[in-house]
Amino acid sequence: MLDINGALRAALKARRPFRGSPPVAGVFACDPFLRMTDMVASLRQAGITAVVNYPTVQILEGETAAALAAVGYRAEAELRFLQRLAEQGFTPIACATSRRAVDAALGLGLRRILLNPGLLPGCEAAAWWADLAGHVAIKGGEALVWAAPCTAQVSRPKRRIRL
C-alpha cells in the first residue's frame, strides 16, 4: 500500500527551499487517513500556496470506482476538500475529467480548473479538450490546459528541472 500524501509530506520536507516559486502540491483528497491539520501544516511549512486534487478518484472505473463511491469517495468529496483548503488561504486548483466534475467545482466556487482526460483519452482527444475548455470558459472558470495531447500521451520534456 502506498501512502501518497505521506510521500508528499516527506518530499516537501526534504526538498525545501524551492528555486523560484513553489510548486503546486498534488494531494490525494480521498485518503481515508488524511488529516487536514497535518497537511495544512506541511504545506505551509514548505511554502506551498497552491493545491490540486491529484491523483483524483475521477480516473478510476468499474468496481474500484463503485467501491470508493459507496463510502463517499467521489469527485465532490475531493472538491469539498479543496474548498476547505481555500478557506485556509491556499489557492485551489480543481482537477476535473468531465463536465459534471467541472460544474461541481464551479458550483463550490472553485474557479481554477485543471482538465484531465483520464488515463486513456478518447479517439477525439483534441475535441474533448476544446469542448471541455470551452464549457469551463462559458461557465466562468479558468481552465488550466496545455496544448491538445497527442493520442499516445507521451511526455518528452525538453529539459529536466531539479528542485
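Biologist: How are α5 and α6 oriented to each other, roughly parallel or roughly antiparallel?

Modeller: Two packed helices are described by the angle between their axes and the distance between the axes. Here α5 and α6 pack at about 20°, with axes 10 Å apart. They are therefore roughly parallel to each other. Angles under 35 degrees count as roughly parallel, over 145 as roughly antiparallel, 65 to 115 as roughly perpendicular and the rest as oblique. Axes are lines fitted to C-alpha atoms, over the stretch in contact for helices, and angles run from 0 to 180 degrees between N-to-C directions.

Modeller: A word on the source. This is a predicted model: local features need pLDDT of at least 70, side-chain atom pairs count only at pLDDT 80 or more, and totals for chains, interfaces and linings use all residues. Residues are numbered from 1 along each chain as its sequence is written, and side-chain values use heavy atoms, with hydrogens and water left out.

Biologist: Which residues make the contact of α5 with α6?

Modeller: Contact means heavy atoms within 4.5 Å. From α5 come R99, V102, D103 and L106; from α6 come D131, L132, H135, V136 and K139. By class, that is four nonpolar, one polar and four charged residues. Ala, Val, Leu, Ile, Met, Phe, Trp, Tyr, Cys and Pro count as nonpolar, Asp, Glu, Lys and Arg as charged, and the others, Gly among them, as polar.

Biologist: What is the handedness of the α1 and α2 crossing?

Modeller: Left-handed. That term applies if the near helix is turned anticlockwise from the far one by less than a right angle; clockwise is right-handed. The crossing of α5 and α6 is right-handed. Helix α1 (residues 4–15) and helix α2 (residues 36–46) pack at about 25°, with axes 9 Å apart. Helices (H or I, at least four residues) and strands (E, at least two) are DSSP runs, numbered from the N terminus.

Biologist: Which residues touch the most other members of the largest nonpolar core?

Modeller: A nonpolar core is a set of buried Ala, Val, Leu, Ile, Met, Phe, Trp, Tyr and Cys residues joined through side-chain atoms within 4.5 Å. Buried means under 20% relative accessible area, exposed over 50%, partly exposed in between (1.4 Å probe, protein chains only). Of the 32 residues in this core, L43, I48, V51, L85, V102, I113 and L115 touch the most other members. Helix α2 gives the most, with five residues. Apart from this core lies another, of five residues, including A50 and C95.
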